[in-house]
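Keep the structure open while reading.

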Amino acid sequence: MVGGREYLYESRAERGFIYICLANSLVKEYLDQPPAVAFHWPDGRRGEHTFDALLTLTNNTRVAVDVKPKSKVLRSKIVEIQRLIEEQVGSSFAEIYLLRTEDHIHPDDVHDAQLQLRARQFACRASDDVVRKLVNSLHGWCRLRDLVAASGRGGSAFNAAIRLIGEGLLEVRDRSRISYECFVRRARA
């Protein structure tokens, strides 16, 4: 449950994808298991497909997504199904059609998304202001633990830094997993 809402998923990868989407500031709305879409197979048979998610981005672009283990991609015919739906239904359902496998859903990204979502629940304006001021004075990389210590605000400063990472004002070196030990710097403009 995130934000008081339960999301439907059938696999660990799909659950991870949900976290990543919910933490992404470009995703305005996440609809799990949207209504089925009808299409026709090349031999004329009617088919129906339910996508795992329908995202609406902040620019109102709709993205239809299937999340599958890569070992099941060929057998499921999902690539062909998506192609047929895109050709026959097109932008009346979504402007973009995506397939995501475990290759696209890295455990570090899932971890970071979960941290982002948790940090948002514990917003503290005072800590945000202190950490933002420290970040604005950074000239190069520092450990996240040192930034938190310099704030004098403890765990609430860690959450503030996580929120700044999510806002794109603070960046993590080498896209490392977010932790007290990762290196961060003020994001370049």
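Which ring does the charged end of Arg-173 sit over? The ring is that of Phe-183, and the charged end is 4.1 Å from its centre. This is a predicted model: local features need pLDDT of at least 70, side-chain atom pairs count only at pLDDT 80 or more, and totals for chains, interfaces and linings use all residues. Residues are numbered from 1 along each chain as its sequence is written, and side-chain values use heavy atoms, with hydrogens and water left out.

**Charges over rings**

- A charge sits over a ring if NZ of Lys or CZ of Arg is within 6 Å of the ring centre and within 35 degrees of the ring normal.
- Besides the Arg-173 and Phe-183 case, Lys-77 lies over the face of Trp-41, at 6.0 Å from the ring centre.

**Aromatic pairs**

- The structure holds six aromatic pairs. Rings of Phe, Tyr and Trp (its six-membered ring) pair if their centres lie within 6.5 Å; planes under 30 degrees apart count as stacked, over 60 as edge-to-face and the rest as tilted.
- One of them joins Tyr-7 and Tyr-30, edge-to-face, at 5.8 Å centre to centre with 75° between the planes.
- Tyr-7 lies in the segment before α1 (12-23) and Tyr-30 in strand β1 (residues 27-32), so this pair ties together parts that are 23 residues apart in sequence. Helices (H or I, at least four residues) and strands (E, at least two) are DSSP runs, numbered from the N terminus.
- Tyr-7 and Tyr-30 are buried. Buried means under 20% relative accessible area, exposed over 50%, partly exposed in between (1.4 Å probe, protein chains only).
- Tyr-7, Phe-17 and Tyr-30 form one aromatic cluster.
- Phe-158 and Tyr-180 are stacked, because their ring centres are 4.3 Å apart and their planes are at 25°.
- Phe-158 is in helix α7 (residues 155-167), while Tyr-180 is in the loop between β8 (170-172) and β9 (183-186), 22 residues apart.
- Phe-158 counts as buried, at 8% relative accessibility. Tyr-180 counts as partly exposed, at 33%.

**Strands**

- Two strands pair if DSSP finds at least two bridges between them.
- Strand β2 (residues 37-40) runs antiparallel to β3, and four bridges join them. Ala-38 has Glu-48 in β3 as its bridge partner.
- The hairpin of β2 and β3 has five residues between the strands, and there Gly-44 takes a positive phi near 95°.
- Side chains alternate along strand β3 (residues 46-49).
- An open sheet of three strands has the order β7-β9-β8, with antiparallel pairing. Its edge strands, β7 (142-143) and β8, each pair on one side only.
- Two bridges join β7 to β9. Cys-142 stands opposite Val-184 in β9.

**Helix α3**

- Which residues of helix α3 (residues 78-88) are buried? They are Ile-78, Ile-81, Gln-82, Leu-84 and Ile-85.
- These residues are on the same side of α3, because they cover an arc of only 160° around the axis. The arc is that of the directions from the helix axis to the C-beta atoms.
- Val-79 and Glu-87 are exposed on the other side of α3.
- The cover over the buried residues of α3 includes β2, β3, β5 (62-67), α2 (73-76) and β6 (96-100).

Terms used. Contact means heavy atoms within 4.5 Å.
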